[in-house]
Amino acid sequence: MKFVCEKDMCTGCMACVDICAKNAIKISDSLKSYNAIIDENLCVKCGSCFKVCQQNNPVQGIKPKTWYQGWSEDEYIRKSSASGGIITTIAKYFINSGGYVATCIFRNGKFVYEIINSENDVNKISGSKYVKSCPTEIYSKSKLILKNNDKLLFIGLPCHVAALKNYVGNNDNLYTIDIVCHGSPSPKLLDKFLNQYNISLNNTKNISFRTKTKYGISNDFKYVDVKGVCDNYSLAFVNSLISTENCYKCNYAQINRVADITVGDSWGTNLAVEEQKKGISLVLIQNDKGENLVKNSKLKLFNVDLNNAIEANEQLRRPAIKPKSRQKFFKKIENDRSFNKIVNYCLPWQSFKQNIKRMILCFKN
């Protein structure tokens with residue numbers, strides 16, 4: 001087989017799929033890794049896929065010039081967001097200023113990128129999404145908007161932002177926000193987890209992975225597991241057990257960022273506990289473009305110690321470390337074993353603590 005980038009190092013940004021005029025590239029998902037495979041019978045050897053691939057041509061990041069922590073002044077946005085609602089608020093300002101926003105949403109059972117330009121659609125942005133998305137076609141659509149001299153705000157994972165920059169080149173009308181990413185699993189693993197509870201994403205209208213500092217998947221506003229317990233999918237995610245192979249060698253898990261603005265959680269904050277419960281975001285600003293966006297949006301911002309922020313956010317220092325039990329997990333899951341049982345086996349101590357919490361909460365109820 002011929003691959004666009006190094007075997008098992010594909011991030012799933014899918015820029016190569018988007019740019020190929022011959023439809024010669026397919027993304028192979030083996031659960032533990034992605035690969036962009038070239039059909040040599042269709043390929044005309046133009047080289048476009050190699051050039052646009054941000055694994056082959058990583059985008060140079062820059063160190064933040066200013067940094068803050070804070071939240072949206074809109075209480076509804078802050079309440080409905082996983083953290084402080086910073087991204088949703090900036091997107092709302094951008095749209096009201098006449099621009100377009102491209103970002104990941106959940107639609108028809110899939111996590112896809114969509115372009116919005118209506119304030120009514122801003123609520124689609126809220127919430128963390130701990131799974132790989134499908135960005136196919138978002139790059140060509142974004143390029144078309146920029147070609148029409150319209151302003152575009154692209155919100156995504158660092159690898160997606162880098163891919164877009166390779167795809168469209170430098171453009172004054174392009175604004176970008178990247179997210180502090182902790183790795184992303186195959187959506188097939190999410191399916192396997194939900195299938196244990198007879199839940200299908202195709203029949204799901206709303207899915208949430210986190211409520212402020214508490215991890216736990218809810219499906220159409222009903223928790224899959226006991227409320228207050230970190231379910232086994234979330235447990236596997238936060239322990240970096242189920243990310244695809246490339247995530248452990250991520251080029252973008254560092255303090256030098258590829259976007260105008262970087263947003264994450266303000267872990268380790270010294271602000272009041274009551275504010276922490278409501279959600280506090282970390283905001284890193286790399287350039288004047290980002291500074292203008294942040295200052296013009298309705299945000300409440302405070303100083304933050306950058307060194308503490310880096311220490312509390314592992315992926316601002318280095319990629320996640322691959323757990324020793326990861327190989328065991330994928331060997332068992334490929335044989336269609338129970339997702340929950342495999343996580344209990346691979347993360348025994350973490351699972352034990354959640355089982356104790358589950359029993360306590362069930363007893364109280």
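Contact means that heavy atoms lie within 4.5 Å of each other. Keep that in mind as you look through these views of a predicted model.

View 1. Start by finding the 14 helices and 14 strands. Along its principal axes, the C-alpha trace spans about 60 × 50 × 40 Å.

**View 2. Contacts and burial across the protein.** Take the contacts between residues at least 6 apart in sequence: 70% of them join residues at least 24 apart. What share of the 365 residues counts as buried? The answer is 52%.

**View 3. Helices H12 and H13 pack against each other.** H12 covers residues 326–333, and H13 covers residues 339–346. Their axes are 10 Å apart and form an angle of about 160 degrees. Angles over 145 degrees count as roughly antiparallel, and H12 and H13 are therefore roughly antiparallel to each other. Their crossing is right-handed.

**View 4. A closer look at the residues where H12 meets H13.** On the H12 side, look for Lys-328, Phe-329, Lys-332 and Ile-333. H13 brings Phe-339, Ile-342, Val-343, Tyr-345 and Cys-346 to the contact.

How values were computed
Residues numbered from 1 in each chain as written. Predicted model: local features only at pLDDT ≥ 70, side-chain atom pairs only at ≥ 80, totals over all residues. Heavy atoms only, no water. Axes fitted to C-alpha atoms, helices over the stretch in contact; angles between N-to-C directions. Helix = DSSP H or I, 4+ residues; strand = E, 2+ residues; numbered from the N terminus. Parallel < 35°, antiparallel > 145°, perpendicular 65-115°, else oblique. Left-handed = near helix turned anticlockwise from the far one by under 90°. Buried < 20%, exposed > 50% of the residue type's maximum accessible area, 1.4 Å probe, protein only.
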